[in-house]
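This report describes one chain and its ligand, part by part. Please look at the sequence and the structure first.

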Amino acid sequence: MMDEHFQKMDSVSNEGLPGTYEWFSDQIAGHHPSMVKNGKREIGLLKNPGSKEILKPKQDGTRGEKEVALYKLLSSSSPVDAATSPSLLTTSSDGLQNGARMEDVIRMKELTAKFHRMETMFVDGQDRQFMVLEDVTSDYTRPAMLDLKMGQVTYDPSASAAKIERETKKYPPQAAIGFRICGYRIHQSKEEVQMRDRSWGKSFDETNIQNGLAEYFSARADRKMVLREALDRLQRFKEFFESQESFKFFGSSLLFVYEAQEELPINLRIVMIDFSHVFESNGERDEGYLFGIKNLEKYINSLISET
Ligand SMILES: Nc1ncnc2c1ncn2[C@@H]1O[C@H](COP(=O)(O)OP(=O)(O)O)[C@@H](O)[C@H]1O
Ligand SMILES: [Mg+2]
């Protein structure tokens, strides 16, 4: 079964990381130390082997501020806490009240990875801030993971005309599908990881993206059960997006994970990740995200009926 898509785990040097920390080897997409810009490698997710947490670097500027603000809002335990959380709006640095509804906050919390705390780590020669998150892949023997970037547009309301054009050109079918496949990683055995990246994901359009999804959901012989679990878990996301009027997400993903080891339960889980372009929606639904969920549901349904 060894072909170009069955490769050994990526290896990037762990030099420059504190103590026993390593780059998180199961990262599908996003900022990654294998990417070098202006002579500096990007900072990706960190992992202390054996722990159930991962560390996601806080991005520079408003992107990092937004993501941290959202995780802090979700972990606030009372309406008073939530109201004094930093606003998600780029324009309001004046301590305005957060516009999120408490019911939306409470429900969304169940749909994301747990946020534990912020931590400062000395990485590649400087102190950097990290979000300590639950590693949703840590309870699996052979995790099968998929990253879907949700929504009909991936640029946010603050994007310039040039940015809008760049983003739209990256993947024109996004508007018709409501999501794109950023890639997957399936642990076939202890050593072999089958992976597909962003460029593979971009090879699909609305006429054939089902084939890409089918490939991810076929790691086990009981594929129909895997699809049924995916459909079942997706319902809660659909219900949330049918009613929530607090947030609009751009460039945010649904991360899927299930157990590829046949003898173990499928245990399929979905979480929302990547909130660097979250905006307050002020009483409107996120129709683009909801459209993507409904389409995904249709694709999974037709895969079930042809299995
Ligand atoms: N809580 C998590 N548990 C496990 N893996 C995660 C988690 N959050 C992110 N990842 C992995 O890291 C990748 C990049 O995460 P993301 O939040 O999208 O980062 P970026 O902001 O750099 O795009 C995802 O595609 C996924 O594979
Ligand atoms: Mg991402």
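## The shell around ligand 1

Ligand 1 is surrounded by 21 residues, and the closest are Ile-28, Gly-30, His-31, Ala-113 and Asp-274. A residue is near a molecule if its C-beta atom, placed from the backbone, lies within 6 Å of it. By class, the shell holds 10 nonpolar, 6 polar and 5 charged residues. Here Ala, Val, Leu, Ile, Met, Phe, Trp, Tyr, Cys and Pro count as nonpolar, Asp, Glu, Lys and Arg as charged, and the others, Gly among them, as polar. At least two residues of the shell come from each of E6, E8, strand E9 (143-150) and strand E13 (253-259).

This is a predicted model, in which local features need pLDDT of at least 70, side-chain atom pairs count only at pLDDT 80 or more, and totals for chains, interfaces and linings use all residues. Residues are numbered from 1 along each chain as its sequence is written, while chains are lettered from A and ligands numbered from 1 in the order in which they are written.

## The chain as a whole

The chain contains 9 helices and 15 strands. Helices (H or I, at least four residues) and strands (E, at least two) are DSSP runs, numbered from the N terminus. Of its 307 residues, 35% count as buried. A residue is buried if 20 or more other C-beta atoms lie within 10 Å of its own, exposed if 12 or fewer, and partly exposed in between, with C-beta atoms placed from the backbone.

Among the contacts with a separation of 6 or more, 68% join residues 24 or more positions apart. Two residues are in contact if their C-beta atoms, placed from the backbone, lie within 7 Å.

Strands of a sheet pair through backbone hydrogen bonds, either parallel or antiparallel. In this chain, 5 strands form an open sheet in the order E2-E5-E6-E8-E7, with antiparallel pairing. Strand E2 (22-23) and E7 are the edge strands, each pairing on one side only. Two strands pair if DSSP finds at least two bridges between them.

Strand E6 (residues 53-57) pairs with strand E8 (residues 126-134) over 5 bridges. The bridge partner of Ile-54 in E8 is Leu-133, and that of Glu-53 is Glu-134. E8 also pairs with strand E7 (residues 115-123), over 8 bridges, and Arg-117 stands opposite Val-132 in E8. The hairpin of E7 and E8 has 2 residues between the strands, and Asp-124 takes a positive phi near 50° there.

Leaving out residues up to four places away in sequence, Gln-129 touches Lys-58, Met-118 and Thr-120.

In helix H7 (residues 209-216), the buried residues are Ile-209, Gly-212, Leu-213 and Tyr-216. They cover an arc of only 95° around the axis, so they are on the same side of H7. The arc is that of the directions from the helix axis to the C-beta atoms. Their cover includes E9, helix H5 (174-177), strand E10 (179-187), helix H6 (198-201) and H9.

Helix H8 (residues 223-243) has 21 residues and reaches 31 Å from its first C-alpha to its last, close to the 30 Å expected at 1.5 Å a residue. The expected span is 1.5 Å times one less than the number of residues. Val-226, Leu-227, Ala-230, Phe-237, Phe-240 and Phe-241 are buried in H8. The buried residues of H8 pack against helix H3 (102-109), E13, strand E14 (269-273) and helix H9 (287-306).
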